Amino acid sequence: MSPQVPVNFVTPSIVYFVPKASQLSSTSQRLCLSQNALTFFKSNGLPNVWAIITAFVLFLIVKLVNKIKEELKQDIDIVRKQKANSLLSNEKCEEIFTHDVTENIKFVGFIDKLMYKQTDDEILASVVDYKTSKSIEIDKDIMKFGLSLQLPSYLYLIKHSSTFDKNVRIVGLYIQHIINYDNKYRDINTQLTQNKEESMKLDGISSIDPDRLSMLDISLNSSSKSETIKGISINKDGSLKKSAKLYSDDQFDDLSNLVEENIKIAGNTIISGDFSINPKQIDKVNKSCEYCKYAAICYRRNDDIKHYSTKEEQ
């Protein structure tokens with residue numbers, strides 16, 4: 001047993017490998033914690049087997065927490081690097097935006113991060129929403145059905161709230177994934193750090209204006225591929241390579257109008273006391289109930305489901 005790890009075990013059945021130098025401190029702490037927990041549980045009458053199991057579970061929890069802390073430190077470094085490469089120098093984080101849609105309907109949103117820059121006659125703004133789920137993404141194909149409208153709702157709010165007194169031009173609406181599931185249980189090295197940076201690129205809908213995007217990521221002024229925005233590349237003539245997730249100002253305005261239409265429908269339905277169960281099934285997938293915790297006890301019937309297809313719309 002390494003003398004550098006001051007741990008005395010109650011039972012010889014627990015063994016461990018000598019840690020690397022970089023892991024020594026946290027590993028020693030976890031082993032000491034497990035030992036103290038094992039001693040505590042056994043001294044309080046817990047059977048030997050259950051005391052070992054409980055201490056081992058506690059050890060795993062501490063290990064997972066330390067792993068998350070390491071990853072969050074990486075997240076912070078990457079976000080700082082992205083901020084240093086952006087000319088959208090102003091930020092509003094975890095800010096509440098409100099707008100009176102009608103006399104009876106008030107819409108409220110909580111935005112994780114709004115990056116923006118004020119010019120003489122307008123404001124350039126980019127919305128970022130942090131996600132820990134790998135499966136969450138912007139699905140523009142189902143927006144017309146009133147779904148996947150979280151980020152478009154933020155677009156609507158910053159365009160209509162009293163926060164800004166100038167015309168707002170959108171740079172992009174993005175999701176940023178802060179957990180890299182591919183690297184979750186592996187040691188960090190140079191290659192994995194690069195994978196982490198790739199996984200934390202902003203993913204969503206971008207402005208079709210390359211000058212506007214270069215305000216968000218100045219690397220586009222010297223490189224053909226964005227270091228900050230996923231899927232954004234520049235042609236030799238300075239134009240953006242074609243992408244289904246590039247929007248013009250008119251398309252952003254249409255998206256904002258779509259949000260307002262859905263807010264009014266939902267608001268008036270609530271005001272009228274209509275709480276009908278009518279989930280939407282898109283391309284044979286029940287999108288409305290996909291993440292609902294109460295699906296098992298819901299009174300929904302098969303004939304309540306509204307069926308739609310993106311293929312028919314295309």
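1. Start with helix H6, residues 249-271. At 1.5 Å a residue, its 23 residues should span 33 Å. The C-alpha atoms at its ends are 33 Å apart, which agrees. Keep in mind throughout that this is a predicted model.

2. Which residues of H6 are buried? They are Phe-252, Leu-255, Ser-256, Leu-258, Val-259, Ile-263 and Gly-267. Look at the spacing of those numbers while recalling a general rule. An α-helix has 3.6 residues a turn, so residues three or four places apart point the same way. The cover over the buried residues of H6 includes strand S2, helix H3 (150-160), strand S4, strand S5 (203-207) and strand S6 (246-247).

3. Ala-266 and Ile-105 are 161 residues apart in sequence. In space, their C-alpha atoms are 9.6 Å apart. After the helix comes Gly-273, which has a positive phi, near 80°.

4. Turn to strand S3, residues 122-131. Is this strand largely enclosed or largely open? Eight of its ten residues are buried, so the rest of the structure largely encloses S3.

5. S3 pairs with S2, residues 106-118. The two strands run antiparallel and are joined by six bridges. They form a hairpin, with three residues between them.

6. Next, the largest nonpolar core. It has 30 residues. Which of them touch the most other members? They are Leu-114, Val-127, Ile-158, Leu-173 and Leu-255. The elements that give two or more residues to this core are S2, S3, H3, S4 and H6. H3 gives the most, with six residues.

7. Follow one of these core residues, Leu-173. Leave aside its neighbours within four places in sequence. Leu-173 is then in contact with Val-127, Ile-138, Leu-151, Pro-152, Leu-155, Asp-203, Gly-204, Ile-205, Phe-252 and Leu-255. Apart from the core of 30 residues lies another core, of 16 residues. Its members include Val-171, Leu-202, Ile-229 and Ile-234.

8. How many aromatic pairs does the structure hold? There are four. One of them joins Phe-145 and Tyr-308: the ring centres are 5.0 Å apart and the planes stand at 35°, so the pair is tilted. This pair links distant parts of the chain, 163 residues apart. Phe-145 sits in the loop between S3 and H3, and Tyr-308 sits in strand S9, residues 306-308. Phe-145 is buried, with 7% relative accessible area. Tyr-308, at 33% relative accessibility, counts as partly exposed.

9. Tyr-247 and Phe-252 form another tilted pair. Their centres are 5.6 Å apart, with 50° between the planes. Both residues are buried. Phe-252 has already come up among the buried residues of H6 and the contacts of Leu-173.

10. S7, residues 280-282, runs parallel to S9, and three bridges join them. Ile-282 stands opposite Tyr-308.

11. Finally, the whole chain. Its secondary structure comes to seven helices and nine strands. Of its 314 residues, 38% are buried. Consider the contacts between residues at least 6 apart in sequence: 66% of them join residues at least 24 apart. The accessible surface comes to about 19,100 Å², and carbon and sulfur atoms account for 52% of it.

Technical notes
Residues numbered from 1 in each chain as written. Predicted model: local features only at pLDDT ≥ 70, side-chain atom pairs only at ≥ 80, totals over all residues. Heavy atoms only, no water. Buried < 20%, exposed > 50% of the residue type's maximum accessible area, 1.4 Å probe, protein only. Helix = DSSP H or I, 4+ residues; strand = E, 2+ residues; numbered from the N terminus. Pairing = 2+ DSSP bridges. Expected span 1.5 Å × (residues − 1). Contact = heavy atoms within 4.5 Å. Phe/Tyr/Trp six-rings, centres within 6.5 Å; stacked < 30°, edge-to-face > 60°. Core = buried A, V, L, I, M, F, W, Y, C linked by side-chain atoms within 4.5 Å. Areas by Shrake-Rupley, 256 points an atom, 1.4 Å probe, with all protein chains shown as cover.
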